Amino acid sequence: MDTMQLKLFVSAANTLNFSRTAEQFFISQPAVTHSVKILEASLGVKLFNRTSRRITLTAEGVEFLPYAVRALETLGSAEVRLQNMAQGRTGHIRIAALSSLIYHLSDCLVALHKQYPAIQVDIDLLEGTELVNSVRKGSYDFYFSNAEMLAGATSYTFTNIGHGQVELFVNKAVADKVDMNDWSTLKDYPLVSISRSDAWLTGRISRICKNRGFQPNIINYYNRAEAAIMSVNAGIGVAILPKATYRLYLLPDVVTFPIDGDDAKIDNVFAWKHEQSTTACHIFRDVVIEALTSGK
């Protein structure tokens, strides 16, 4: 199999339409069909069920799809890395961060680039569950996270980079009806939340509500914080989210209220692997620590 076969397969698996895939790649529909047949022959399995009206993925096709996607992502990363090396960018670091901490990360990247512009930096913004899973796998050199998500991460060292908190996000049309000293004023407003798979944040929300004698009416779970904030902006519900996310999106009809109490506080941390084998990793760690200790 070759890269183009994988690209055509992934496209066809997403569109379930060989003609549309052909249009995307500026080739003929028979060329797509031929490529898929060659790929199926090399794998020894059938990837698509074909009828005169439509195509669908077989069980084998469903199973193969994530592998094909990862293979293309890996090849793409390898190509970029080699191109960077050819241009003299010999250093390489991988960073994962919560979106609520991108201002901390941004300041550190500015300091790094001023001193070491040749270092290639890969950055992924992850949601809670994604970040926790990646820590378990050791997928990144560095993390900008909260302390709870790194609990038990024995292969990483971390240092505190400040405190944050979660706040109540509401639509400004109902803001004057909310009394943070009396959570019963929220009883008429449904709650929207991050996915239940994000155990850290949903657990925090549950504790905050329970500690204030409030039984939330959760009407929707979203996979990302920005979706919850858009929902608040539309007046669909209220939400409890990290305060820093408000600065990221600044939607016009969203206002926030501080939540008093230790259960609303967040300890933010910068983490790095104990065993860092590259000079670039040591450089970035030192740059971040210097930036943090100097108050930049």
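This is a predicted model: local features need pLDDT of at least 70, side-chain atom pairs count only at pLDDT 80 or more; totals for chains, interfaces and linings use all residues.
Tutor: Let's begin with what counts as an element here: helices are DSSP runs of at least four residues, strands are runs of at least two, and both are numbered from the N terminus.

Student: Why is S231 called buried?

Tutor: Buried means under 20% relative accessible area. S231 has a relative accessible area of 3%, so S231 is buried.

Student: Where is S231 found, and which residues does it touch?

Tutor: S231 is found in helix α8. Leaving aside residues up to four places away in sequence, S231 touches V192, Y222, I236 and G237. Touching here means that heavy atoms lie within 4.5 Å.

Student: What makes helix α8 count as mostly covered?

Tutor: Helix α8 runs over residues 225-233, and seven of its nine residues are buried. They are A225, A227, A228, I229, S231, V232 and N233. The buried residues of α8 pack against β6, β7, β8, β9, α9 and β10. After α8 comes G235, whose phi is positive, near 85°.

Student: How much of the protein counts as buried?

Tutor: Of its 296 residues, 42% do.

Student: Why is L250 called exposed?

Tutor: The cut-off for exposed is over 50%. L250 has 55% relative accessibility, so L250 counts as exposed. You will find L250 in the loop between α9 and β10. L250 also has a positive phi of about 45° although it is not a glycine.

Student: Then what makes L16 partly exposed?

Tutor: Partly exposed is what lies between the buried cut-off of under 20% and the exposed cut-off of over 50%. With a relative accessible area of 37%, L16 falls between those cut-offs, so L16 is partly exposed. L16 lies in the loop between α1 and α2. Its phi is positive, about 50°, although L16 is not a glycine.

Student: What makes a space a cavity, and how many are there of 30 Å³ or more?

Tutor: A cavity is a set of points where a 1.4 Å probe fits but cannot get out. The structure holds one cavity of 30 Å³ or more, and the largest cavity has a volume of about 180 Å³. It is lined by 18 residues, and L98, S100, E127, W200 and P242 are the closest to its centre. The elements that give two or more residues to that lining are α7, β9 and β11.

Student: Why is another space called a pocket?

Tutor: A pocket is an open set of points, with protein on both sides within 12 Å along at least five of seven lines. In the largest pocket lies about 270 Å³ of space. Of its 16 lining residues, S100, H163, G164, K243 and A244 are the closest to the centre. Two or more lining residues come from each of α5, β6, α9 and β11, and β6 gives the most, with four residues.

Student: What about the charges?

Tutor: There are 29 positive and 29 negative charges, and their mean positions are 4 Å apart.

Key
Residues are numbered from 1 along each chain as its sequence is written. Side-chain values use heavy atoms; hydrogens and water are left out. Buried means under 20% relative accessible area, exposed over 50%, partly exposed in between (1.4 Å probe, protein chains only). Lys and Arg count as positive and Asp and Glu as negative; His and the chain ends are not counted. The place of a charge is taken as NZ of Lys, CZ of Arg, CG of Asp or CD of Glu. On a 1 Å grid over the protein atoms alone, a cavity is a set of points where a 1.4 Å probe fits but cannot get out, and a pocket is an open set with protein on both sides within 12 Å along at least five of seven lines; lining residues have an atom within 4 Å of a point. Grid points are joined across faces, edges and corners, and a volume is the space filled by probe spheres set on the points.
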